[in-house]
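I opened this structure for the first time and kept notes as I went. The entries below follow the order in which I looked things up.

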Amino acid sequence: MNVETGIRWMELFNEKVQAEKDYLTQLDTPIGDSDHGNNMSRGMTHVIEAIETQKPDSLEELLKLITTNLLSKVGGASGPLYGSAFMGMLKAQKEDNIPWSAVIKSGLESIQKRGKAEAFDKTMIDVWIPVVEALENNQLTDAVIDQAVESTKPLKAKKGRASYVGERSIGHIDPGAYSSGLLFHAMLEAEAE
């Protein structure tokens, strides 16, 4: 991943978030507080504006810019969790010759450190874990991402606001998992261009 691909990654992620803003809110309504679509939309708007005005010329600068904007501009749980992910990626990326899978894994570890979630708790990490595993084996595809997102549907939420509704969380895709799916679909598209 270089800065040009990273910028394209964020542009594509922003396009997907804006296009699916209402669906993200719809996913968040029965098991959350109906703000995930608006929060992600607002956060990514700020990220894109910052990229256009600050014109980062290294991947490190880009990741720092993303982290700062997501932490400061996005409300709810998604801002701190996505901000932590990019902060973890920023820290890992500073190491020489670190593989991209290890950078993403560091993002996952930062999410887990912040949110204390484990696999199958019905959170965004139920997408991040299989994505990291697939990246480590050079097997990440759109199908792997979609399967990971869908896998949250039959789970009972054990973390986050969705855990408040208990059994009623079963049968709904986790909104953070869905937006994470958009993030990784955008990454594959950016890398393929």
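**Entry 1: a buried glycine**

I began with Gly83, which is buried, with a relative accessible area of 0%. For these notes, buried means under 20% relative accessible area, exposed means over 50%, and partly exposed lies in between, with a 1.4 Å probe and protein chains only. Gly83 lies in helix H5, residues 78–93. Helices are DSSP runs of H or I with at least four residues, strands are runs of E with at least two, and both are numbered from the N terminus. I listed what Gly83 touches, not counting residues up to four places away in sequence: Thr67, Leu70, Leu71 and Ser78. Contact here means heavy atoms within 4.5 Å. I also looked up Gly83 against Leu24: they are 59 residues apart in sequence and 18 Å apart in space, C-alpha to C-alpha.

**Entry 2: what I am looking at**

This is a predicted model, in which local features need pLDDT of at least 70 and side-chain atom pairs count only at pLDDT 80 or more, while totals for chains, interfaces and linings use all residues. Residues are numbered from 1 along each chain as its sequence is written, and side-chain values use heavy atoms, with hydrogens and water left out.

**Entry 3: H1 against H3**

I took helix H1 (residues 3–19) and H3 next; their axes come within 9 Å and cross at roughly 150°. That angle makes H1 roughly antiparallel to H3. Axes are lines fitted to C-alpha atoms, for helices over the stretch in contact, and angles run from 0 to 180 degrees between N-to-C directions. Angles under 35 degrees count as roughly parallel, over 145 as roughly antiparallel, 65 to 115 as roughly perpendicular, and the rest as oblique. H1 passes H3 in a left-handed crossing. A crossing is left-handed if the near helix is turned anticlockwise from the far one by less than a right angle, and right-handed if clockwise. From H1, the contact includes Ile7, Met10 and Phe13, and from H3 it includes Met44, Val47 and Ile51. By class, I noted 9 nonpolar, 4 polar and 1 charged residue in the contact of H1 with H3. Ala, Val, Leu, Ile, Met, Phe, Trp, Tyr, Cys and Pro count as nonpolar, Asp, Glu, Lys and Arg as charged, and the others, Gly among them, as polar.

Is Ala19 buried or exposed? Ala19 is exposed, with a relative accessible area of 66%.

**Entry 4: H3 against H4**

I then followed H3 to helix H4 (residues 59–73), where the axes come within 9 Å and cross at roughly 140°. H3 and H4 are therefore oblique to each other, and their crossing is right-handed. Among the residues that meet are Met44, His46 and Ala50 in H3 and Leu62, Ile66 and Asn69 in H4.

I also checked Asn39, which is found in H3, residues 36–54. Asn39 is buried, with a relative accessible area of 5%. Leaving out residues up to four places away in sequence, Asn39 touches Val74, Gly75, Gly76 and Ser78.

**Entry 5: H6 against H7**

How do the axes of helix H6 (residues 100–115) and helix H7 (residues 125–136) cross? They come within 9 Å and cross at roughly 160°. H6 and H7 are therefore roughly antiparallel to each other, and the crossing is left-handed. I found Ile104, Leu108 and Ile111 among the H6 residues in this contact, and Trp128, Val132 and Leu135 among those of H7. The contact of H6 with H7 divides into 8 nonpolar, 3 polar and 2 charged residues.

**Entry 6: the core**

I looked up the largest nonpolar core and found 57 residues, with Trp9, Met10, Phe86, Ile104 and Trp128 having the most contacts inside it. Such a core is a set of buried Ala, Val, Leu, Ile, Met, Phe, Trp, Tyr and Cys residues joined through side-chain atoms within 4.5 Å. Helix H9 (residues 175–192) gives the most to this core, with 9 residues. Beyond four places away in sequence, Met10 touches Met44, Val47, Ile48, Ile51, Ile66, Phe86 and Leu183.

**Entry 7: two loop residues**

Last, I noted positive phi values outside glycine. Asn97, in the loop between H5 and H6, has phi near 55°. At 81% relative accessibility, Asn97 counts as exposed. Phe120, in the loop between H6 and H7, has a positive phi of about 70°. Phe120 is exposed, with a relative accessible area of 58%.
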